[in-house]
Amino acid sequence: MQAVHFGAGNIGRGFIGETLATNGFSIDFVDVNSTIIDALNARHEYDIELAAEGHKKIHVANVDGLNNKDHPEAVVAAIEKTDLVTTAIGPKILPFIAPLIADGIKARLAAKSEAKLDAIACENMIGGSQFLKTEVYKHLNADEQKYADAYVGFPNAAVDRIVPIQHHEDPLAVSVEPFKEWVVDESQMKKPELKLDTVVYVPDLEPYIERKLFSVNTGHATVAYTGKYKGYTTIGDAIKDPEIWKQLQGALSETRDLLSHEFDFTVAELKEYQDKVASRFQNPYISDDISRVARTPIRKLGYDERFVRPMRELKAKGLDYSTLLDTVGMIFTYDEPKDDESVKLQQMLKDEDLTDVIKEVTGLKDADLISAIAKSYQGKLAAK
């Protein structure tokens, strides 16, 4: 079987590529990074190292590289024949590869292919594949869209694997944490018979996306912002602090309460999952700067993001959200000169009324919650 994968970076090679290879796929990696593409074409193989005791190596073979900037026609030809398309390039880049995928669909139509194909966006976003579909369809006429409707699926997915900060002389070397999770919405697949080992297929992706968002994303950010507030610079150092560990456990307890009320997960199942999440943050072989995890604080304070959304929903259900609220107070104090959003947020807090800033950043209209956030921020500011 053949796969076309967009994005030959660390996640592409160290997560998606590994999964495809262990399922017997030959992989065409598509990227504009000529150094990586040339290395793939020279060697047709690479090694993955697990960031854990023993540093186990996983060998990936039968790989090629396609430079979509220099040779777009080769990418289209590969899509015409492929069994699966995947991406791991970042949500903002999806619109830029959409024309190539559209051209690949046109090529399949011209060849009168009736082979079904799924294109899965493995991005850190909700509804990534359906977003990609919308972008691809902008480049298809009515007949081409009709063909795609019949033969091409865009099943949404949730992916989770931490890739530590790393620097290698070998451009293909990559280190990843042992844990990985890839969940696909099988209801949106056009080729449901093609299922990958270690990938989980579910009829409804929402519970799994929310579980990941409110556990991994909320938890990681809680450690980062609490750590920054207490003067730490790395996640590894911060999470050793008992007060920060307690903050993490409090945040996860609150989101666990919410998830158990909204979905069919049991509290025990969620506790096991979240304990695993917390242990991943403790991995001594993963070096992560707080500035990376905490970056873009305005985005992370968004209405449907990892803190404000669970707070809203917990409040609506009459459940406790005090740890999340306490953490949000610290996020508003986050001052990182190298982070554009942090600089913008701190300037807004200097120039504008606090209540107006909270409304603008969070999108909240709930006066009680806005007031509570203001008090949390003011308390954190006074205690610094």
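Author: Start with residue classes: Ala, Val, Leu, Ile, Met, Phe, Trp, Tyr, Cys and Pro count as nonpolar, Asp, Glu, Lys and Arg as charged, and the others, Gly among them, as polar. By these classes, the lining of the largest cavity divides into 6 nonpolar, no polar and 1 charged. This is a predicted model, in which local features need pLDDT of at least 70, side-chain atom pairs count only at pLDDT 80 or more, and totals for chains, interfaces and linings use all residues. Residues are numbered from 1 along each chain as its sequence is written, and side-chain values use heavy atoms, with hydrogens and water left out.

Reader: What is a cavity, and which residues line the largest cavity?

Author: On a 1 Å grid over the protein atoms alone, a cavity is a set of points where a 1.4 Å probe fits but cannot get out, while a pocket is an open set with protein on both sides within 12 Å along at least five of seven lines; lining residues have an atom within 4 Å of a point. Here Leu 84, Asp 118, Ile 120, Met 189, Leu 194, Leu 196 and Tyr 201 line the largest cavity.

Reader: How much space lies in the largest cavity?

Author: Grid points are joined across faces, edges and corners, and a volume is the space filled by probe spheres set on the points. The largest cavity holds about 60 Å³, and the whole structure has 2 cavities of 30 Å³ or more.

Reader: Is Pro 155 buried or exposed?

Author: Buried means under 20% relative accessible area, exposed over 50%, and partly exposed in between (1.4 Å probe, protein chains only). Pro 155 counts as buried because its relative accessibility is 0%. Contact means heavy atoms within 4.5 Å. Leaving out residues up to four places away in sequence, Pro 155 touches Asp 118, Ala 119, Ile 120, Ser 129, Val 184, Asp 185, Gln 188 and Met 189. Pro 155 and Ser 129 lie 26 residues apart in sequence and 5.8 Å apart in space, C-alpha to C-alpha.

Reader: Which element gives the largest share of the lining of the largest pocket?

Author: Helices (H or I, at least four residues) and strands (E, at least two) are DSSP runs, numbered from the N terminus. Helix H7 (206-229) is among the elements supplying at least two residues, and H7 gives the largest share, 7 residues. The largest pocket has about 1500 Å³ of space. Its lining divides into 20 nonpolar, 6 polar and 13 charged residues.
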